[in-house]
Structure formats: C-alpha cells, structure tokens
Amino acid sequence: MDIFLNKDIVKNLDLSNYDIATYVAIRSIYHSTKKEFYISTEMLAYELYGCDIPERAIVQIKTSIVRLAEFGLYDIVQPLNKKSGSYVVKDKSLYFDTNEEGVYFTVISSDEVRKIMTLDSKKNKAALLRFFINVVRSVYKALHADHETGAADNKTG
C-alpha cells in the first residue's frame with residue numbers, strides 16, 4: 001500500500017524521528033473521508049513493526065501522538081485511555097490534495113516502512129526511516145527535474 005507523506009511535515013526539523021515515524025503510521029491508516037478516527041499506540045506500532053513491537057517504541061509513539069497534536073496535524077477530541085495512549089482524533093491538517101499546485105509529497109510503501117523498522121540492527125530505525133523518506137524525495141526530485149530550469153514537477157519531491 002502506498003503512503004503519501006506531506007513534504008512540509010517530513011522535512012520539518014522541529015519533529016523528532018519518532019514523530020515522523022508516527023506520522024507515517026497515522027498516514028498509513030488515514031482515510032480522508034473520516035474526519036474523526038481512533039488511534040492507539042499499539043495500532044500505530046503494529047503499522048510500523050508488525051507483531052514484534054519493541055517496548056521502547058510504545059513509549060516513543062505514545063509521546064509522538066501528543067506531540068503531533070500539539071504540532072497541529074489533528075485535534076485530540078477525546079482521550080479514551082491516556083495511560084495506554086488511545087485517542088479519538090479529528091483531522092486538522094493530515095489531509096492534503098495531491099493535485100493542488102504547490103503541494104509536494106513523497107510516496108513510500110508500507111512494505112518499505114516495515115522492512116526498515118524491522119531491520120536486524122541496533123541502529124535507530126526511526127532515524128533510518130526518516131533518512132529513507134528524504135532519500136526517496138531527493139532521488140525522485142533529481143529524476144523528475146526539468147534539466148533546463150532545475151525545477152521539479154509539483155507532484156512529488
């Protein structure tokens with residue numbers, strides 16, 4: 001499944017690597033037709049890791065859910081269980097129109113996300129995911145740039 005990520009969010013240095021990983025997980029379950037929806041740390045962790053979820057990931061994702069609300073991606077309508085990190089949220093700026101002029105985005109697959117987050121390595125996988133997203137964005141931008149003007153198309157990059 002393709003996951004469309006807003007370039008302005010993934011390149012924002014005010015967001016941590018786990019904030020970006022959590023954003024990726026939210027975008028993977030997000031449906032633009034639902035203005036309010038349910039998220040939980042376990043649901044988002046599963047989107048990133050599958051069944052083998054590291055305990056520290058739960059803590060990081062729980063923190064990032066709140067940080068992304070503070071950042072303005074969504075409003076927390078109702079905390080269902082703050083202790084476990086379950087919320088009903090309302091879309092604020094998760095939706096973006098991929099056909100709108102001046103909107104840039106990167107597309108990655110859920111398989112790519114899962115492969116990165118389950119690498120058999122001691123490396124910070126959220127940092128690797130962020131790096132991968134930016135590399136994909138840079139490669140696409142280089143491949144689709146107008147070679148005379150250097151400008152990329154307005155779709156991805």
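The structure is a predicted model, with local features needing pLDDT of at least 70, side-chain atom pairs counting only at pLDDT 80 or more, and totals for chains, interfaces and linings using all residues. Residues are numbered from 1 along each chain as its sequence is written, and side-chain values use heavy atoms, with hydrogens and water left out.

Six helices and five strands make up the protein; helices here are DSSP runs of H or I with at least four residues, strands are E runs of at least two, and both are numbered from the N terminus. Along the sequence, they come in the order β-α-α-β-α-α-β-β-β-α-α. Of the 157 residues, 43% are buried, meaning under 20% relative accessible area, against over 50% for exposed and in between for partly exposed (1.4 Å probe, protein chains only). The protein exposes about 8,700 Å², and carbon and sulfur atoms supply 52% of that; the areas come from the Shrake-Rupley method with a 1.4 Å probe, and for residues only the protein chains shown count as cover. As for contacts (heavy atoms within 4.5 Å), among those between residues at least 6 apart in sequence, 58% join residues at least 24 apart.

Strand 4 (residues 86–91) is mostly covered, with five of its six residues buried. Strands count as paired if DSSP finds at least two bridges between them. Strand 2 (residues 36–40) runs antiparallel to strand 4 and is joined to it by five bridges, with F37 opposite V89. Strand 3 (residues 74–81) is also antiparallel to strand 4, through six bridges, and here D75 sits opposite K90. Strands 3 and 4 form a hairpin with four residues between them, and G85 in the turn has a positive phi of about 85 degrees.

Turning to the helices, helix 3 (residues 41–49) packs on helix 5 (residues 110–117) at about 90 degrees, with the axes 7 Å apart. That makes the two roughly perpendicular, a label for angles of 65 to 115 degrees (under 35 is roughly parallel, over 145 roughly antiparallel, the rest oblique). Axes are lines fitted to C-alpha atoms, for helices over the stretch in contact, and angles run from 0 to 180 degrees between N-to-C directions. Helix 3 brings Y46, E47, L48 and Y49 to the contact, and helix 5 brings V113, R114 and M117.

Further along, A127 lies in helix 6 (residues 125–143). A127 is partly exposed, at 25% relative accessible area. A127 and M117 are 10 residues apart in sequence and 9.7 Å apart in space, C-alpha to C-alpha.
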